[in-house]
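Good morning, and thank you for making time for this item. I shall present one structure and take its contacts in turn. Please look at the display before I continue.

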Protein chains: 2
Amino acid sequence: MSERPEQRKDAVDAIIEQWATVRPDLDTAAMEVFGRVGRLTLAMGDRMDKAYAKSGISRGEFDVLATLRRSGEPYTLSPRQLSATLMLTTGGMTGRLDKLERAGLLRRSPDPHDRRGLRVTLTDKGLGVVDEAVAAGLAVQTEALSALDAERAALLADLLRELLAGTERP
Amino acid sequence: MSERPEQRKDAVDAIIEQWATVRPDLDTAAMEVFGRVGRLTLAMGDRMDKAYAKSGISRGEFDVLATLRRSGEPYTLSPRQLSATLMLTTGGMTGRLDKLERAGLLRRSPDPHDRRGLRVTLTDKGLGVVDEAVAAGLAVQTEALSALDAERAALLADLLRELLAGTERP
DNA sequence: GGAAAGTTGCTTAGCGCTAAGCTACTTTCT
DNA sequence: AGAAAGTAGCTTAGCGCTAAGCAACTTTCC
């Protein structure tokens, strides 16, 4: 189908071939994309974990700190806003906040306007940690992406945006 | 940078803009790719779970059944082969096999040549379930991929293969 | 040939997430 | 205005995965 000269077979190609042998009736074209997307997520996840570990935090914890950092001064959000942004249940968020508060990277304080509510704020220490970690994480991603030249990388980003947009609101 | 007429902003674009505001020094180009890859994995994961749930199994359980199915007759592998293929620890595999055996989808039997070993075999019921589930899963993926025309989908698959290859052995 | 080291195999303890539950505020109806 | 229903907010119980541990076979060295 493609006139590309020679592209090395990868693990996904092997799986697709196996299916073609035992179930030749299946249309496995979509696996070519989503199989690789899944594997990329897995492989990069491992590397990101290691990058963040140098700052003493896990990936999930990084996500919390980064969300606060991105929100700008005064680096304050509610647990509800955090769990919504990270597509996490409030239960999972409670656990992460516990750990981060114990580590002194953020602080929980009551919301003055809503006696039910809480406000979560980055500490100075947390700010330092997240700034270090985000740089380390981006370095890992940038290194991995260097497998593609800039033009092909931009093309890939555009195709992914298009696919994601079509996927998120059908 | 791109001359593309108008591409709608997505969640990843928004995150990148936030970073540009608070940390304009960061090079966030790689996020354009890996941020979207991660979100795609998350979104498709949810849908695949629902597709497999119709056959009464989880995604992890599907992976086990599919690996056995793909291996061809007599649909038999060792727990070790399964955990290696699925990049899972043997502990995680024990739990999955327990559930699947209880559901009657596979059978554990002693290896006649190795008194330590075990052989895992798909039952007739398991074969039926996995054949139903793989079709349902592929339908979900194919539907999602239809956001791109065939040519762009193939291009995306090639770019991903290239990136993955460069990523997995650097 | 035997024994010790190494390899492969599988089941049990700790961590993190989802689901259920409880409290506090808000809104609406009379 | 008062009360009841609804909504938003957060901490506690069950499930699944990784890490540590124990058993059986194989290989290698003397």
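Predicted model: local features only at pLDDT ≥ 70, side-chain atom pairs only at ≥ 80, totals over all residues.

The side chains of A:Arg23 and B:Asp131 form a salt bridge, with a nitrogen-to-oxygen distance of 2.8 Å. The salt bridges between chain A and chain B number 8. Polar contacts across this interface join 9 residue pairs, both residues of each pair having a pLDDT of 80 or more.

Which helices of chain A each supply at least two residues of the side that touches chain B? They are helix H1 (11-22), helix H2 (29-53), helix H3 (59-70), helix H6 (124-145) and helix H7 (150-168). By class, the residues on that side of chain A are 32 nonpolar, 13 polar and 19 charged.

Let me turn to the extent of this interface. The size of an interface is often expressed as the accessible area that is lost when the parts come together. Between them, chain A and chain B bury about 6,600 Å², and carbon and sulfur atoms carry 67% of that area. Three residues, A:Leu40, A:Arg70 and A:Arg161, provide 12% of the area that chain A buries against chain B, more than any other three residues. In terms of contact, 64 residues of chain A and 63 residues of chain B take part.

A word on the division of chain A. Domain 1 comprises 11-53 and 133-168, while domain 2 spans 60-124. The C-alpha centres of these two domains of chain A are 30 Å apart.

I now come to the DNA. How many residues lie around DNA strand D? There are 17, of which A:Pro79, A:Arg80, A:Thr94, B:Gly92 and B:Arg115 come nearest. Of the atoms of DNA strand D that come within 4 Å of the protein, 68% belong to sugar and phosphate.

For B:Arg96 the distance is 3.2 Å, and for B:Lys99 the distance is 3.2 Å. For A:Arg108 the corresponding distance is 3.4 Å. Two or more residues of the surface near DNA strand D come from each of helix H4 (79-85) and helix H5 (90-102) of chain A, and from helix H5 (90-102) of chain B. The largest share, 4 residues, belongs to H5(B). Sorted by class, this surface has 8 charged, 6 polar and 3 nonpolar residues.

Thank you. I am glad to take questions.

Notes. Residues numbered from 1 in each chain as written. Chains lettered and ligands numbered in written order. Heavy atoms only, no water. Near = heavy atom within 4 Å. Polar contact = N/O pair within 3.5 Å; in protein donor to acceptor, adjacent residues only side chain to side chain. Nonpolar A, V, L, I, M, F, W, Y, C, P; charged D, E, K, R; others polar. Domains from an automatic or database assignment. Contact = heavy atoms within 4.5 Å. Buried area = accessible area lost by both parts, 1.4 Å probe. Salt bridge = Lys/Arg side-chain N within 4 Å of Asp/Glu carboxyl O.
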